[in-house]
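Let's walk through this structure together, from its overall layout down to a few charged side chains. Here it is.

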Amino acid sequence: MSGTPPEDRVARGDALRFRRPTEADYLRIVSVVDDWWGGRTMHVLLPRLWFQHFTGTSWLAEDESGRLGGFLIGFRSPDQPGVAYCHMIAADPNLRRFAVGRRLYERFFEDARAAGVREVHAITWPGNRTSVAFHRSLGFTPKEGAGTQNLYGTPAVAGYDYGTEDRVVFTRKL
Ligand SMILES: CC(C)(COP(=O)(O)OP(=O)(O)OC[C@H]1O[C@@H](n2cnc3c(N)ncnc32)[C@H](O)[C@@H]1OP(=O)(O)O)[C@@H](O)C(=O)NCCC(=O)NCCS
């Protein structure tokens with residue numbers, strides 16, 4: 001974490017406001033994602049279309065000065081109306097473990113329940129142990145059994161995306 005004293009970070013986390021993103025938020029969000037994922041190339045998963053067609057089911061957190069604290073990009077499945085899917089979620093590295101991610105998901109769950117959705121899906125790279133711990137902590141369970149194998153200590157589907165990218169396939173009942 002940065003040199004910001006812990007009490008200041010708590011105060012900043014508590015002061016966050018949550019709202020729907022708009023297309024005007026696109027460039028500032030896409031410009032931080034590689035850094036927020038620890039240097040992984042993630043911006044390719046976030047073209048502008050997410051901020052044109054999915055803002056009504058997504059969330060953004062920011063402080064009083066408008067500084068970005070976190071975001072969640074998600075949607076209700078057009079093919080499976082009982083399912084909502086979280087495409088990306090992240091918190092500012094200087095605000096980690098202050099429930100930014102939890103509060104983003106809580107809002108997403110609330111939207112989903114109100115729309116009659118029964119479960120939320122998300123996938124993550126099994127080597128992203130923070131994401132695995134975070135999703136488990138929020139009540140997600142990984143797909144297990146046939147078609148999965150233990151990768152980095154978590155049941156995961158090898159080659160799930162592109163035939164080469166391994167993923168933990170998470171579900172959370174609402
Ligand atoms: C995953 C991520 C969104 C979590 O956000 P966060 O705001 O730090 O998480 P929260 O403070 O809401 O944590 C909720 C719970 O998740 C678990 N958790 C979160 N980070 C954890 C970590 N580093 N190690 C272990 N457990 C963790 C804890 O149980 C935590 O509850 P607690 O703090 O009361 O113990 C954040 O680490 C992040 O942005 N990572 C990079 C992007 C990413 O990998 N996104 C997920 C894949 S799309």
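The centres of domain 1 and domain 2, taken over C-alpha atoms, lie 20 Å apart. Domain 1 covers residues 1-117 and domain 2 covers 119-174, with bounds from an automatic or database domain assignment. Their contact (heavy atoms within 4.5 Å) takes 17 residues from domain 1 and 15 residues from domain 2.

A word on the basis: this is a predicted model, where local features need pLDDT of at least 70 and side-chain atom pairs count only at pLDDT 80 or more, while totals for chains, interfaces and linings use all residues. Residues are numbered from 1 along each chain as its sequence is written, and side-chain values use heavy atoms, leaving out hydrogens and water.

Now look between the domains. They bury about 1,300 Å², 63% of it on carbon and sulfur atoms; buried area is the accessible area (1.4 Å probe) that two parts lose on being put together, summed over both.

Elsewhere, what links R19, D25, R28 and E62? These residues are joined in a network of salt bridges. D25 is buried, at 4% relative accessible area, whereas R19 is partly exposed, at 28% (buried means under 20%, exposed over 50%, partly exposed in between; 1.4 Å probe, protein chains only). R28 also forms a salt bridge with E62, at 3.0 Å between the closest N and O atoms.

Definitions and conventions: A salt bridge is a side-chain nitrogen of Lys or Arg within 4 Å of a carboxyl oxygen of Asp or Glu.
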